[in-house]
Amino acid sequence: SSGINAEWPLRPGVFEIAAKLAKHGPKSVAKMTVPTYEECFVNAQEKRQQISRLYNSLTEQSVVDKNVTWAEFRQFTKDNKNFQNYCELFGTRKARSNFDRHIRSLTIKWIEKRKKYRLRLCVDTTA
């Protein structure tokens, strides 16, 4: 559990205020502060950034082979809260796009590694 609650909206709703009023009386509502639009916007932006960071680190740490498929990754992360939060907030298409981008970077790293290895073999055999 990451401690992230990606529930929306961030402002307290009318039903929450009514429930608090019914439970604790009128003084409880007076103590309740309603955040401004700017505070809600900054809070939502921070949550989006944190959820993105958690999903990206999950992808980078769990996918180390360029041959992993999207289906395998989804099966592996189906119960992961970070994956679920990211898909709820940004959508599965965006999650797949980031996964594909990570696979492309792994492929590029693998190609570079092979090139260096082959160059080293050429230099060793000619020397």
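These legends accompany close-up views of a predicted model.

View 1. From the N terminus on, the elements run α-α-α-α-α-α. The chain has 127 residues, and 20% of them count as buried. Take the contacts between residues at least 6 apart in sequence: 65% of these join residues at least 24 apart.

**View 2. Helix H5 spans residues 81–90.** Its buried residues are Asn82, Phe83, Asn85, Tyr86 and Cys87. Asn80 caps the N-terminal end of H5. The cap is made by a side-chain oxygen of Asn80, which lies 2.7 Å from the backbone nitrogen of Asn82. Beyond the other end, just after H5, comes Gly91. Gly91 takes a positive phi of about 100°.

**View 3. Helix H3 packs against H5.** H3 covers residues 37–62. Two packed helices are described by the angle between their axes and the distance between the axes. For H3 and H5 the angle is about 130°, and the axes are 9 Å apart. The two helices are therefore oblique to each other. Their crossing is left-handed. H3 brings Arg48, Ile51, Ser52, Leu54, Tyr55 and Leu58 to the contact. H5 brings Asn82, Phe83, Asn85, Tyr86, Leu89 and Phe90. By class, this contact of H3 with H5 has 8 nonpolar, 3 polar and 1 charged residues. Among the H5 residues in the contact, Asn82, Phe83, Asn85 and Tyr86 are also buried.

**View 4. H3 also packs against helix H4, residues 70–77.** The angle between H3 and H4 is about 110°, and their axes lie 12 Å apart. H3 and H4 are therefore roughly perpendicular to each other. Their crossing is right-handed. From H3, the contact uses Tyr55, Leu58, Thr59 and Ser62. From H4, it uses Trp70, Phe73, Phe76 and Thr77. By class, the contact of H3 with H4 has 5 nonpolar, 3 polar and no charged residues. Tyr55 and Leu58 of H3 take part in both helix contacts, with H5 and with H4.

**View 5. Thr59 sits in helix H3.** Is Thr59 buried or exposed? Its relative accessible area is 4%. The cut-off for buried is under 20%, so Thr59 is buried. Neighbours within four places in sequence are left aside here. With those set apart, Thr59 is in contact with Phe73, Phe99 and His102. Phe73 belongs to H4 and is part of the contact of H3 with H4, as is Thr59.

**View 6. Val68 lies in the loop between H3 and H4.** Val68 has a relative accessibility of 22%, so it counts as partly exposed. Which residues does Val68 touch, not counting those up to four places away in sequence? They are Val63, Phe73, Phe99 and Ile103. Val68 and Ile103 are 35 residues apart in sequence. In space, their C-alpha atoms are 7.9 Å apart.

How values were computed
Residues are numbered from 1 along each chain as its sequence is written. This is a predicted model: local features need pLDDT of at least 70, side-chain atom pairs count only at pLDDT 80 or more; totals for chains, interfaces and linings use all residues. Side-chain values use heavy atoms; hydrogens and water are left out. Buried means under 20% relative accessible area, exposed over 50%, partly exposed in between (1.4 Å probe, protein chains only). Helices (H or I, at least four residues) and strands (E, at least two) are DSSP runs, numbered from the N terminus. A polar contact is a pair of N or O atoms within 3.5 Å; within protein, one must be able to donate a hydrogen and the other to accept it, and residues adjacent in sequence count only if both atoms are side-chain atoms. Axes are lines fitted to C-alpha atoms, for helices over the stretch in contact, and angles run from 0 to 180 degrees between N-to-C directions. Angles under 35 degrees count as roughly parallel, over 145 as roughly antiparallel, 65 to 115 as roughly perpendicular and the rest as oblique. A crossing is left-handed if the near helix is turned anticlockwise from the far one by less than a right angle, and right-handed if clockwise. Contact means heavy atoms within 4.5 Å. Ala, Val, Leu, Ile, Met, Phe, Trp, Tyr, Cys and Pro count as nonpolar, Asp, Glu, Lys and Arg as charged, and the others, Gly among them, as polar.
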